[in-house]
Amino acid sequence: MNGPFDAIDAPWWPWVFILVAGWLANDMWRFLGVAFSGRLTEESPVFAYVKAVATALVAGVIAQLILYPTGDLAATSASLRLGAVAIGFAAFRLARHHIFVGVAAGEVAFVAGWWAGI
């Protein structure tokens, strides 16, 4: 039994299938967000929920990178990863919540610790 990926026997069909599936999974939601964003206020429960989910997803990805790294990051020590996050967070707070300062400080701390062999 053939699925939709094998529906058309042409060399270009897999690329069209991937493009359409990629669009449906990503850009469609962006367009819908733009279409409905004019009706939302920052105080609305829907906006608060979306913001909470987005924050939780970012926190989960960061936690996974720190606690369960893969690839080259797994070769670094947990103390180096945690220390770089602590330094980045401290710089973020000292810079009055300037995200770029926090990220840059964390990266500099990580690379310096990595070069030092920590």
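Which residues lie nearest the centre of the largest pocket? They are I62, V85, G102, V103 and G106, out of 16 lining residues (those with an atom within 4 Å of a pocket point). A pocket here is an open set of points on a 1 Å grid over the protein atoms alone, where a 1.4 Å probe fits and protein lies on both sides within 12 Å along at least five of seven lines.

This is a predicted model, so local features need pLDDT of at least 70 and side-chain atom pairs count only at pLDDT 80 or more, while totals for chains, interfaces and linings use all residues. Residues are numbered from 1 along each chain as its sequence is written, and side-chain values use heavy atoms, with hydrogens and water left out.

Back to the pocket: about 610 Å³ of space lies in it. Helices α3 (45–67), α4 and α5 each give two or more residues to its lining. That lining has 11 nonpolar, three polar and two charged residues. Asp, Glu, Lys and Arg count as charged, Ala, Val, Leu, Ile, Met, Phe, Trp, Tyr, Cys and Pro as nonpolar, and the others, Gly among them, as polar.

Now for how helices (DSSP runs of H or I, at least four residues) pack. Angles run from 0 to 180 degrees between N-to-C directions.

| Helix pair | Angle | Axes apart |
|---|---|---|
| α4 (78–94) and α5 (99–116) | about 150° | 7 Å |
| α1 (13–25) and α2 (27–37) | about 35° | 3 Å |

The angle for α4 and α5 makes the two roughly antiparallel (over 145 degrees). Their contact (heavy atoms within 4.5 Å) includes L80 and R81 of α4 and I99 and V101 of α5. By class, that contact has 11 nonpolar, four polar and one charged residues.

For the other pair, G22, W23, L24 and A25 of α1 meet D27, M28, W29 and F31 of α2.

Conventions: Angles under 35 degrees count as roughly parallel, over 145 as roughly antiparallel, 65 to 115 as roughly perpendicular and the rest as oblique. Grid points are joined across faces, edges and corners, and a volume is the space filled by probe spheres set on the points.
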